Amino acid sequence: MGDFNLSNVNWVDREGFLQPKDLSGDCQIHFFDTLSECNLNQFNLVTNQNNRILDYILCNKSISVSACDDPLVKEDPHHKSLYVEFIFSSYKQLTSTSIMRYLYSAADFDSINTALEDINWIELFKQKSLEASVDLFYSTLHNLKDEFVPRKRIKCSSYPPWFTAPLKKILKEKYKYLKKYRIYGNISDYESFSLLRKRAKIVEKECFKSYITNIEESIIKNPKRLWSYVKSLKFSSNSIPATMSYEGISARTGESICNLFCTYFQSTFLSAPSNGNSSPSIHFLENPYYINSINTIVVEPVSVHELLKSLDINKGAGPDNIAPLLIVKCAKALTMPLTYLFRKSLTEGTVPTIWKSAFITPVHKNGNKSDIKNYRPISKLCIFAKVLERIVYTNVYSALHTGSLLGPLLFTIFINDINNCFKFSNFLLYADDVKIFRSINTINDCYLLQHDLHQFEQYCTLNKLDLNISKCYKITFTHVSDIIFCHCTKGGK
């Protein structure tokens, strides 16, 4: 907020925010363009004694501004006292629990490899279904992991990441003597407290300096440490609030909050049609080299071994709790059983249940953090499922001569004919996000734009693609004051 001294600008109320009109000169035009780029709107309509607005109240959220009836100090007639009302959101974070972590740095990988190589996997998997074979494979791997990899229970710490064990011990001793002094009033306890306080400040500075130095030296090899530190400096936390709500239902425990997220994320998917026809016929692919059956994909042990060895050991484990470091260290011993399981999966055209499982992380997009609807899901699959996906992708890539990850690649193929919807408008497409735009000079241009939107709606209905209206927005870019507003609709909304 402040005095911008743009008294000749007129304002029009546009349902919740103000729009400037009658702009004069490049200075004013550039100023309001900058506000638009920063997503800032002006909300003050209170005029001074000369019927002018000098003071602007700018915000990226909707706020209420009115004249103050009882100012604290004498009012300046040129700058009226204002009453600004807005909402600050504060949330109590959901408490974290301790976790059991495997210490792979102290693991006996030689013994694990020896045990895996001694197993006759062909005989073990003989006459078993894919699901049973995968369960047996994981059971063997988990038993070896429990036997040869030490474990430790990790408690969530409230200390900053640069606090070392000696510093934590000094702080605990300091608070112990402070507590004793407050109870008994002993001078010796206060002197011990003062001494430990000075020592804690010195050690904390040294720990922080050493922590920053290590981050700077490891930027090339381990950039994650830098971004973890940057993330810790932010005022807003990515933690889930202790109370979440969805469709009028509130949850206050970890399990009940997870169930609400599950309900919402499931609701974003379309149900399978009752007639069993899951998708329409698509005939736009005329490449004679396409793969007509997934069981024709070749899985070679050499390819599997190379993919296992190339895994990023800094990534976390998926729902199967098998870490990439364990896979990389035992890549040679795991190649044969995984090659067999991958071939069996592709031959039968089925995927084991565990490989279809994923850890879902809710990521806040915008709005109220306690509202489930303001989150989107990010999934983390099992490492072995990602390896199988890479094998399939490599074969599809070589057949179709196009590049992408498997999911986006197949989706791009699916919507390859979307350009037929837009006869009068332009469009930009990236993955599942689309921008439709057209220059509006007359009211007829609005009708043409709406025609293309209607065609797009019919296309989505035909291809079983659900449009999320709550995430659709309309933006108008113009310098003229007499704007032609297009009221676009989809399904009557």
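**Close-up views of a predicted protein model**

**View 1. An aromatic cluster brings six residues together, namely Trp 121, Phe 125, Phe 137, Tyr 138, Tyr 340 and Phe 384.** Rings of Phe, Tyr and Trp (its six-membered ring) pair if their centres lie within 6.5 Å. Counted this way, there are 28 aromatic pairs. Before going on, please note that this is a predicted model, in which local features need pLDDT of at least 70, side-chain atom pairs count only at pLDDT 80 or more, and totals for chains, interfaces and linings use all residues. Residues are numbered from 1 along each chain as its sequence is written, and side-chain values use heavy atoms, with hydrogens and water left out.

**View 2. Tyr 264 and Phe 265 form a tilted aromatic pair.** Their ring centres are 5.6 Å apart, with 45° between the planes; planes under 30 degrees apart count as stacked, over 60 as edge-to-face and the rest as tilted. Tyr 264 is buried, at a relative accessible area of 9%, and Phe 265 is buried too, at 10%. Here, buried means under 20% relative accessible area, exposed over 50%, and partly exposed in between (1.4 Å probe, protein chains only).

**View 3. Ile 322 sits in the loop between helix 9 (301-309) and helix 10 (324-329).** Helices (H or I, at least four residues) and strands (E, at least two) are DSSP runs, numbered from the N terminus. Is Ile 322 buried or exposed? With 0% relative accessibility, Ile 322 counts as buried. Beyond its neighbours within four places in sequence, Ile 322 is in contact (heavy atoms within 4.5 Å) with residues including Tyr 138, Lys 145 and Phe 384. Ile 322 and Lys 145 are 177 residues apart along the chain, yet their C-alpha atoms are separated by 8.9 Å.

**View 4. Lys 145 lies over the face of Tyr 102, at 4.2 Å from the ring centre.** A charge sits over a ring if NZ of Lys or CZ of Arg is within 6 Å of the ring centre and within 35 degrees of the ring normal. Lys 174 likewise lies over the face of Tyr 175, at 4.6 Å from the ring centre.

**View 5. Helix 6 (residues 187-217) meets helix 7 (residues 223-233) through residues including Phe 208 and Tyr 211 in helix 6 and Leu 226 and Tyr 229 in helix 7.** By class, this contact has six nonpolar residues (Ala, Val, Leu, Ile, Met, Phe, Trp, Tyr, Cys and Pro), one charged (Asp, Glu, Lys and Arg) and one polar (the others, Gly among them).

Note on methods
Axes are lines fitted to C-alpha atoms, for helices over the stretch in contact, and angles run from 0 to 180 degrees between N-to-C directions.
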